[in-house]
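Keep the sequence and the model side by side. We will go from the overall picture to single side chains.

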Amino acid sequence: MEALMTKRALKRMAREGAYETTYDDAKVRRLPVDHRGGWSPLGDDDGARGESRDQSYLKTIKPKSPGQAQLMEAIDEKNLVMALGPAGTGKTYIAISKAVEALEAGRVSRIVLSRPAVEAGESIGYLPGDMEDKLAPYLRPLYDALTDRLSVKRMRALMAEGAIEIAPVGFMRGRTLNNAFVVIDEAQNCTYMQLKMLLTRLGWHSTMVVTGDPNQSDLLPGISGLADVAARFEDVANIAVVRLADRDIVRHPLVAEMLGVL
């Protein structure tokens with residue numbers, strides 16, 4: 001019986017994430033960081049490059065660059081924020097972190113995350129399963145960001161309650177999103193009319209953050225509406241347009257170097 005229970009426990013840990021059996025949702029989750037000759041986002045401020053130390057993932061994030069600081073300040077002050085910049089600048093992560101922070105603080109009653117399901121060389125029709133299963137890979141980055149801010153168990157509970165909703169752009173038409181924190185991710189794959197539809201979903205006591213990189217659209221040239229919409233919003237006082245640059249990239253330093261030549 002003890003061996004059977006052990007197997008069941010191991011399966012549960014693998015399914016829900018091993019850290020859940022050790023740490024409570026309210027506690028800090030720590031992951032070991034190895035400095036054996038590799039790059040680390042922690043740097044070596046304490047001079048302990050040859051030693052391993054803990055990296056803490058806290059509920060409240062801190063900006064890693066001036067651009068990220070500007071973005072976080074804009075989200076706190078404006079109800080509509082456009083965050084444009086290259087890959088690795090933390091646009092989606094900051095937006096979702098701020099959404100989780102607002103939900104946990106009771107400032108909003110739900111989080112609505114949306115991104116277009118645009119094929120980038122793949123065919124969605126050949127993916128296995130029903131429509132929900134076919135769309136799951138396109139929404140995976142949103143799940144990844146959520147599980148980094150919440151435990152898997154906590155995220156599933158909030159989704160079951162309807163406090164967190166993840167939906168493709170096509171399912172957003174006709175809705176009014178009141179008392180919500182809305183994140184529109186990968187907006188460079190939205191047309192001008194799609195963005196207009198999404199932006200007008202904003203309701204009372206809500207915040208909307210639109211993220212994307214106009215230079216990485218999977219649509220045909222001239223079809224993406226993100227750059228046009230952002231340019232039109234530059235002069236609107238109650239809307240913040242934050243443009244992140246290569247210096248704001250917080251992934252491996254090679255990402256910035258690659259984007260400089262690609």
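The model is predicted.

Start with confidence. The mean pLDDT of the protein is 78. A value of 70 or more is reached by 70% of its residues. Two stretches call for caution. Residues 1-5 have a pLDDT below 50, and this stretch has zero contacts in the model beyond near neighbours in sequence. Residues 17-42 also have a pLDDT below 50. Yet this second stretch has 56 contacts beyond near neighbours in sequence. How should such regions be read? Where pLDDT is low, predicted coordinates should not be read in detail.

Now the chain as a whole. It has 262 residues, and 40% of them count as buried. The accessible surface comes to about 15,000 Å². Carbon and sulfur atoms supply 53% of that surface.

Six strands form an open sheet with parallel pairing, in the order 5-4-6-7-3-8. Which strands stand at the edges? They are strand 5 (164-168) and strand 8 (239-243). Each has a single partner strand, so one side of each is left without a neighbour in the sheet. Neighbouring strands are turned by 15 degrees against each other on average, direction ignored.

Helix 6 (residues 192-199) packs on this sheet. The helix touches strand 3 (80-84), strand 6 (180-184) and strand 7 (207-212). Its direction makes about 155 degrees with that of strand 7.

S114 has A167 of strand 5 as its bridge partner. R115 stands opposite P168 in strand 5. Is strand 5 enclosed or open to its surroundings? Four of its five residues are buried, so the strand is largely enclosed by the rest of the structure.

Next, charged side chains. The whole structure contains nine salt bridges. Three of them are worth a visit.

R115 forms a salt bridge with E186, the closest N and O atoms being 3.3 Å apart. What does this pair tie together? E186 lies in the loop between strand 6 and helix 6, while R115 lies in strand 4, so the pair links parts that are 71 residues apart in sequence. R115 is buried, with a relative accessible area of 9%. E186 is partly exposed, at 26%. The pair also belongs to a network: salt bridges that share partners join R115, D185 and E186.

R232 and D228 both lie in helix 7 (residues 226-233). They are four residues apart, about one turn of the helix. Their closest N and O atoms are 3.1 Å apart in the salt bridge. R232 is exposed, with a relative accessible area of 52%. D228 is partly exposed, at 34%.

E101 is partly exposed, with a relative accessible area of 24%. R107 also counts as partly exposed, at 48% relative accessibility.

Finish with a serine in a loop. S65 is found between strand 2 (53-57) and helix 2 (66-77). Is S65 buried or exposed? At 10% relative accessibility, this residue counts as buried, because the cut-off is under 20%. Which residues does S65 contact, leaving aside its neighbours within four places in sequence? They are R247 and D248.

Methods
Residues are numbered from 1 along each chain as its sequence is written. This is a predicted model: local features need pLDDT of at least 70, side-chain atom pairs count only at pLDDT 80 or more; totals for chains, interfaces and linings use all residues. Side-chain values use heavy atoms; hydrogens and water are left out. Buried means under 20% relative accessible area, exposed over 50%, partly exposed in between (1.4 Å probe, protein chains only). Accessible areas come from the Shrake-Rupley method with a 1.4 Å probe; for residues, only the protein chains shown count as cover. pLDDT is the predictor's confidence in each residue, from 0 to 100. Contact means heavy atoms within 4.5 Å. Two strands pair if DSSP finds at least two bridges between them. Helices (H or I, at least four residues) and strands (E, at least two) are DSSP runs, numbered from the N terminus. Axes are lines fitted to C-alpha atoms, for helices over the stretch in contact, and angles run from 0 to 180 degrees between N-to-C directions. A salt bridge is a side-chain nitrogen of Lys or Arg within 4 Å of a carboxyl oxygen of Asp or Glu.
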